[in-house]
Amino acid sequence: MSPSLSREGTLSELGRALLRWLAGWWRILFLGALTLVLALSPSTYYRANRQALARNIYLDTAPNLLWFTVLSALISLVLIHIVVVTAVSYGLAQYALEMVVRVLVLELIPLTAAVFAAVRVTLPNGTEIAELRARGEFDSLQQRGLDPLQHEVLPRIVSGVFCVLMLASVASVLTLVLAYLQVYGFTPEGLARYTRDVGRVFNPPLALIFALKTFFLALAVALIPVASVLYDLPRRARTSAELQGLVRMFLAILLIEAVSLASNYY
Amino acid sequence: MNEKPSAPPSPVAHVEVKAALLLLLLLLLLCGSILYVMYARGVFESTQELVLLADDSEGVRPGMDLTFSGFPIGRVRRIELDADGAARIIVDIPRKDAHWLRESSVFTLTRGLVGTTSIKAFTGIPSDPPLPDGAVRKVLVGDATAEIPRLVAAARELVQNLNAISAPDSPLNASLANAQAVSGKLKERGALEFLFGNEAAAKRIVATVERTQALIARLDALTTKADAQVFGTDGVMNEMRATVVELKATLGDARATLKRVDGLLQEVQAVASNARGATTDLDALRAEVEANLRKIEHLVDEVNRKWPFARDTELKLP
């Protein structure tokens, strides 16, 4: 083979890879839009589907909620203690609380909740979907007149989003309570000042960015693992499709974090 | 990883109720958090506005506190530029805390070396009228970092001055050398010779002083004699006292004489008034005489006209 032909072959291979990569992202976005439409459509919530949705929401969230709450409380306690002690030793005690709220509630907890939900819920959901497709259950559902997207995929994506939002909300509230107790102790005397400090941190742009970031993180970790295995051929390297989904998910998390940090601090 | 059987799914008791409870919990947490943040941001508080004018609003951010005695009593809502280019810092003061601010309150903007800028309020006279809504006040800027260059410049100037003063050819050194020379001369020759430059002049001064002393002694004697002459038994003062007594008696006589003259003058005044009345009568008499004379003259004229020897006074045309 001549060098020019080999170069052309490499280039065309690269081009095809790029196209496949872009097509994968497009499928993810398309599935996201489709899921949103289905989630907002009342016809989705017929009895059998409603039960499937409730079952997914309960089974994906409830067992993880306690563990995640305990773990995040322990990590928060350690971090709050480190931040408060360091700030006091530098004579900057008045900024300790603001730093705790910014570092833990705004940055770490949504990210941790998203990664935790991905590992415990959404990646296994993706594997399940891939197995269902591999067993041909999607075809049998279609033969029975049921939409596999509505019946199997949507409940898993919705429960993934719900799980992230639930874990992040509970852990954030718990961290705010722990921060107050660490700084002021078991007394209501510091509540007014603490409330004022929290209010100063959560200015409207920051609160909006925080809410959007948490929502998009939840959407990314719930959607990408499922979407990555849904459109690939079942026989064609299923493991590679899952790995691809994992990489795409972490890439999306990184992108969301970068955008939120840039919006908050620049 | 979750091990969930794909089909058929294992039944979960009351799954819909449990899922609904989870949804409710999430809704509760989200709504509670939103309401708490809104409360913390002061959305539900009734506030009044205070506008602070500053030349430079660097370090001031919306949301930062206005403190009074270390307690936050207000929050910066907005920063804008006014028509003159000054920064307008608009602060929301909750009405429940507004009573701490009075007409005479002073506001400062302090920038620390470490940490954020802070706006503080001070009220010196708590009995002043309360600050009205929408009041505009100038804020005093105290900048710790801005002081450093000024301090360094002042210190450098001071060191330069000290160097100039302590240099070997400095005026201070020359003055000290002169002072040393002067003190040496003083020690050797005495102050007078040092002041007048030569010995002869110093001697003249000493002679002058001696003569002045003699003069003072003579003046002293002279004063003693004058004292005896003035205040002695036959001195001028006793004679003066006797003269004054005599003068007082003479003045009494003069006063009596003057009283008599006064009576005389009153009489003269009465005579003068009589003479004025007589003069008035004379005027009336004279008027009557003049009237009679005019009548006589008229009569004579009439007689002349009617008399046969009267001249023909008529003019006849030719």
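Visitor: How far apart are the end C-alpha atoms of helix 5 of chain A, and what should its 37 residues span?

Guide: This is a predicted model, by the way. At 1.5 Å a residue, helix 5 of chain A should span 54 Å, and its end C-alpha atoms are 53 Å apart, so the two agree.

Visitor: Okay, and where does helix 5 of chain A bend?

Guide: At A:Leu154, by about 35 degrees. A proline, A:Pro155, follows within four residues.

Visitor: Is helix 5 of chain A mostly covered or mostly open?

Guide: Mostly covered, with 27 of its 37 residues buried. After the helix comes A:Gly185, which has a positive phi, near 85 degrees.

Visitor: Switching to cores. How many residues are in the largest nonpolar core?

Guide: That core has 69 residues, and A:Ala113, A:Val164 and A:Leu223 are among those with the most contacts inside it. Several helices of chain A, including helix 5 (148-184), supply at least two residues each, and so does helix 1 (15-40) of chain B.

Visitor: Which helix gives the most?

Guide: Helix 3 of chain A, with 18 residues.

Visitor: You mentioned A:Leu223. What does it touch?

Guide: Leaving out residues up to four places away in sequence, A:Leu223 touches A:Ile28, A:Leu31, A:Gly32 and A:Ile157. There's also a second, separate core of 16 residues, with B:Val60 and B:Ile119 among them.

Visitor: And how many residues of chain B are in contact with chain A?

Guide: 25 residues of chain B, meeting 31 residues of chain A. Helix 1 of chain B brings the largest share of chain B's side, 12 residues. By class, that side has 15 nonpolar, six polar and four charged residues.

Notes. Residues are numbered from 1 along each chain as its sequence is written. Chains are lettered from A and ligands numbered from 1 in the order in which they are written. This is a predicted model: local features need pLDDT of at least 70, side-chain atom pairs count only at pLDDT 80 or more; totals for chains, interfaces and linings use all residues. A nonpolar core is a set of buried Ala, Val, Leu, Ile, Met, Phe, Trp, Tyr and Cys residues joined through C-beta atoms within 7 Å. A residue is buried if 20 or more other C-beta atoms lie within 10 Å of its own, exposed if 12 or fewer, and partly exposed in between; C-beta atoms are placed from the backbone. Two residues are in contact if their C-beta atoms, placed from the backbone, lie within 7 Å. Ala, Val, Leu, Ile, Met, Phe, Trp, Tyr, Cys and Pro count as nonpolar, Asp, Glu, Lys and Arg as charged, and the others, Gly among them, as polar. The expected span of a helix is 1.5 Å times one less than its number of residues. The bend at a residue is the angle between axes fitted to the seven residues ending there and the seven starting there.
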